[in-house]
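I opened this notebook to keep track of what I looked up in one structure. The entries follow the order in which I checked things.

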Amino acid sequence: MGEARGAARAGAAAAAGLALGAGACYCVYRLTGSRRAGAAAGTEGAASAGSAPGGGWLPQVSGLSSLAWRGPSSLRSDTDLPKSPSNLDANHLQKLIHLLESTDDPLIQEQALVTLSNSAAFSVNQDIIRNLDGLFVIGKMLSNSIPKVKEKALNTLNNLSMNVKNQEEIKVYILQVCKEIELSPLNSDLQLAELRLLTNMSVTNDYHHMMTDAIPCLLHLLSEGNERTQIQVLKVLVNLSANPAMTRHLFSVQAPSLLSLFDNCINKDILLRALTFAANLNENMKNEEGIIIQDQYSEDSIFSLLCGHSTQYAKKLVCLLHHHDTEVKEQVAKTITQLRGDTKTRYSGKLQ
């Protein structure tokens with residue numbers, strides 16, 4: 001019995017040591033193609049001063065300060081622990097998942113999630129974590145009351161969502177994340193993590209229909225958020241706009257401040273994505289079967305702003321032809337050519 005307890009304690013300590021000892025890692029995925037935005041997921045190592053398992057070698061390995069260890073001294077062991085997330089095997093990952101599921105300590109939860117997120121930057125670990133039911137355990141952390149824990153869970157799911165099979169399981173959290181984006185503090189790291197997950201999950205058309213109700217909130221954040229938030233929102237909107245099935249949903253949303261993005265003083269990354277978003281919608285409208293009736297859209301709707309009787313959008317584009325950046329000018333020229341050549345578009349209104 002004593003040996004069994006000792007083994008259990010050693011396993012818990014080893015898992016905690018894993019959570020502390022993995023170095024920070026950043027995983028970036030970018031979808032190539034002119035009509036979609038890139039999807040990026042990253043992790044940030046949490047740092048807290050104190051004494052912990054592996055405290056002697058941790059700063060040298062990861063560059064992070066050690067997390068204060070709250071367990072009894074008999075559990076403090078870091079024997080045979082890998083010093084890089086690339087060296088974690090299925091046994092290590094299983095211990096981390098078990099630790100995450102069994103502990104109520106938010107600091108331990110946070111560090112376990114950071115380590116799992118870093119390990120998920122490696123494709124082989126993405127499958128292992130799924131096969132160990134890790135997606136379910138990590139997903140439960142989205143309901144955690146501690147914002148930092150929730151943020152780290154989102155970062156972990158972001159990295160894991162680079163895997164198509166993982167996306168099939170992560171999709172069950174889309175509606176929850178869509179609702180919580182609106183409730184999260186504006187421009188917070190938590191809100192950005194939620195937006196990044198939607199970006200990754202919208203790279204394909206498979207789950208766009210689950211994000212429809214979040215579109216008004218996204219346009220609100222585009223208006224009220226800072227540049228970091230605006231860029232992340234536009235990544236989602238560009239992905240949605242590349243899907244013809246989402247065109248009417250996007251056209252119907254009110255976005256009176258959208259045209260303010262088409263200005264020479266706007267951040268290039270924001271401007272290019274806004275131009276791509278508008279170009280996608282215009283392209284979809286050109287190819288859409290049936291008649292788009294202008295009268296069914298409100299005056300402040302995206303349709304009225306981009307395709308209605310108002311000439312404000314066209315005037316904005318003409319001004320942008322004088323932008324200092326070549327890439328912006330090329331995108332604007334393509335958009336103007338697209339609009340001028342779209343004389344056969346079927347809708348009850350005149351193309352401006």
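I started with burial: 54% of the 352 residues in the protein are buried. The model is a predicted one, and I read every entry below with that in mind.

I then looked up the secondary structure and found 17 helices and two strands. For contacts with a separation of 6 or more, I noted that 72% join residues 24 or more positions apart. The exposed surface comes to about 16000 Å², and carbon and sulfur atoms supply 50% of it.

Next I turned to helix H17. It covers residues 326-340, 15 residues in total, and spans 21 Å from first C-alpha to last, close to the 21 Å expected. At its N-terminal end I found a cap: a side-chain oxygen of Asp325 lies 3.0 Å from the backbone nitrogen of Glu327.

Which residues of H17 are buried? I listed Val328, Gln331, Val332, Thr335, Ile336, Gln338 and Leu339. Viewed down the axis of H17, these buried residues fall within an arc of 160°, so they line one face of the helix. On the face of H17 turned away from the buried side I noted the exposed residues Lys334, Thr337 and Arg340. The cover over the buried residues of H17 includes helix H14 (268-287) and helix H16 (312-320).

I went on to charged pairs. A search of the whole structure gave ten salt bridges, and I followed up some of them.

Lys140 and Glu101 meet through their side chains at 3.7 Å, N to O. Lys140 sits in helix H6 (residues 134-140) and Glu101 in helix H3 (residues 90-102), 39 residues apart. Lys140 is partly exposed at 38% relative accessibility, and Glu101 is partly exposed at 46%.

Arg228 and Asp189 form a salt bridge at 3.4 Å, N to O. Arg228 is in helix H12 (residues 227-241) and Asp189 in helix H10 (residues 189-201), so the pair ties together parts 39 residues apart in sequence. I have Arg228 as partly exposed at 49% and Asp189 as partly exposed at 30%.

Lys316 pairs with Asp263, with the closest N and O atoms 4.0 Å apart. Asp263 is partly exposed, at 28%.

My last entry is a network of salt bridges that links Glu110, Lys148, Glu151 and Lys152.

Terms used
Residues are numbered from 1 along each chain as its sequence is written. This is a predicted model: local features need pLDDT of at least 70, side-chain atom pairs count only at pLDDT 80 or more; totals for chains, interfaces and linings use all residues. Side-chain values use heavy atoms; hydrogens and water are left out. Helices (H or I, at least four residues) and strands (E, at least two) are DSSP runs, numbered from the N terminus. The expected span of a helix is 1.5 Å times one less than its number of residues. Buried means under 20% relative accessible area, exposed over 50%, partly exposed in between (1.4 Å probe, protein chains only). The arc is that of the directions from the helix axis to the C-beta atoms. Contact means heavy atoms within 4.5 Å. A polar contact is a pair of N or O atoms within 3.5 Å; within protein, one must be able to donate a hydrogen and the other to accept it, and residues adjacent in sequence count only if both atoms are side-chain atoms. Accessible areas come from the Shrake-Rupley method with a 1.4 Å probe; for residues, only the protein chains shown count as cover.
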